[in-house]
Amino acid sequence: MNIPFILFFVCALLAVAGAVMLILAREPIHSALALVLVMMSLAVLYLLLGAEFIAAVQIIVYAGAIMVLFVFVIMLLNAGVEERTDFSKIAKYAGLPLAFFLLLWIGHWLAHAPAGAVIANGGSAPTVAFSTVELSKQLFRPYLFPFEATSILILIAILGAWVLARKEE
Amino acid sequence: MIVPVSYYLVLSAILFGLGVVAFVFKRNVITIFMSIELMLNAVNLAFVAFARAHNQLDGLVFVFFVIVVAAAEAAVGLAIVITLVRNRESLNVERVNLLKF
């Protein structure tokens, strides 16, 4: 065992534990904090994969901006303990066996698929990092139009949020 | 020695599955939004892992776009949640049953 493996397993365990905490927590604020844990450990995994810019964006945008928005709305709405309600009978008696068979089938498919075998064996990843310079060259040359389109998307989202959340006259 | 790409893909699949489970089992509309974010994060991890496997930057550009769309979706979605709570006075999605058969 060496350092990348140890780092990977620690971060993977933290991410899965955060996701499980998100499901088990009954207070929404605890779920939000668990999601921040998942995002932080994913940022470390991106660094491990050599994607420094994405790791920084993950922390700034996801763990920073988006989760602050979530926490802000939880505080604003004074969200308390979640109510538990019963599931429908179809979901209880047909859903669980079907989900189990789906998992079984996916596992069987993964074990026998040729693509899966190639991915499992292919690990010839070089250790060089994806540089931010190269990423920005991609972003501003071949992907320039989608990049500019996202700015319009953000503008529409801001206007939409304002229109939806304002008080009716 | 480097961590194989398949490890990241398995972690991504586990996180996505947990996101689906949270989406189905949670009753609080804000927590359901958070589980959508969890699924998007799992997909981002798969994108970065494949970008590393093929040593191409296009996967990272897509992660960038996914993050932008997630931010827009969170802003609009939380505005919808605020409107919903103003009208229904409950965060439970079971109470939002006007169109339910």
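Me: What share of the 169 residues in chain A is buried, and what makes a residue count as such?

Reply: In this predicted model, 21% of the 169 residues in chain A are buried.

Me: Happy with that. Which elements does chain A have?

Reply: Chain A has seven helices and zero strands, and from the N terminus on its elements run α-α-α-α-α-α-α. Among its contacts with a separation of 6 or more, 55% join residues 24 or more positions apart.

Me: How is chain A divided into domains?

Reply: Domain 1 covers 1–82 and domain 2 covers 131–169. Taken over C-alpha atoms, the centres of domain 1 and domain 2 of chain A are separated by 23 Å.

Me: Where in chain A is confidence lowest, and where is it highest?

Reply: The lowest is in α5(A), with a mean of 51, and the highest is in α2(A), at 94. For chain A the average pLDDT is 84, and 87% of the residues score at least 70. Where pLDDT is low, the predicted coordinates should not be read in detail.

Me: Now to the partner chain. How many residues of chain A are in contact with chain B?

Reply: 63 residues of chain A are in contact with 56 residues of chain B. The helices α1 (3–24), α2 (28–48), α3 (52–77), α5 (114–121), α6 (132–140) and α7 of chain A each supply at least two residues of the side that touches chain B. The most comes from α3(A), with 11 residues. By class, this side of chain A has 49 nonpolar, 10 polar and four charged residues.

Me: Let's look at α3(A) and α3(B). Why is their packing called parallel or perpendicular?

Reply: These two helices pack at an angle of about 5°, with their axes 11 Å apart. Angles under 35 degrees count as roughly parallel, and that makes α3(A) roughly parallel to α3(B).

Me: What makes up the contact of α3(A) with α3(B), by class?

Reply: The residues divide into 21 nonpolar, no polar and no charged. On the α3(A) side they include A:V57, A:Y62, A:I66 and A:L77, and on the α3(B) side they include B:F64, B:I67, B:A74 and B:V85.

Me: And how do you know whether α7(A) is parallel or perpendicular to α3(B)?

Reply: Helix α7 (residues 144–165) of chain A and helix α3 (residues 58–88) of chain B pack at an angle of about 10°, with their axes 8 Å apart. The cut-off for roughly parallel is under 35 degrees, and α7(A) and α3(B) are therefore roughly parallel to each other. By class, their contact has 16 nonpolar, three polar and no charged residues. Among the residues that meet are A:T150, A:I154 and A:G160 of α7(A), with B:F65, B:V76 and B:T83 of α3(B).

Me: Let's pick single residues. What makes A:I154 exposed, partly exposed or buried?

Reply: A:I154, in helix α7 of chain A, has 15 C-beta neighbours inside 10 Å. A buried residue needs 20 or more and an exposed one has 12 or fewer, so A:I154 counts as partly exposed. Leaving aside neighbours within four places in sequence, A:I154 is in contact with B:V68 and B:A72.

Me: How do you know the class of A:A91, buried or partly exposed?

Reply: A:A91 lies in helix α4 (residues 89–112) of chain A and has 13 C-beta neighbours inside 10 Å. Since exposed residues have 12 or fewer and buried ones 20 or more, A:A91 is partly exposed.

Definitions and conventions: Residues numbered from 1 in each chain as written. Chains lettered and ligands numbered in written order. Predicted model: local features only at pLDDT ≥ 70, side-chain atom pairs only at ≥ 80, totals over all residues. Axes fitted to C-alpha atoms, helices over the stretch in contact; angles between N-to-C directions. Helix = DSSP H or I, 4+ residues; strand = E, 2+ residues; numbered from the N terminus. Parallel < 35°, antiparallel > 145°, perpendicular 65-115°, else oblique. Contact = placed C-beta atoms within 7 Å. Nonpolar A, V, L, I, M, F, W, Y, C, P; charged D, E, K, R; others polar. Domains from an automatic or database assignment. pLDDT = per-residue confidence, 0-100.
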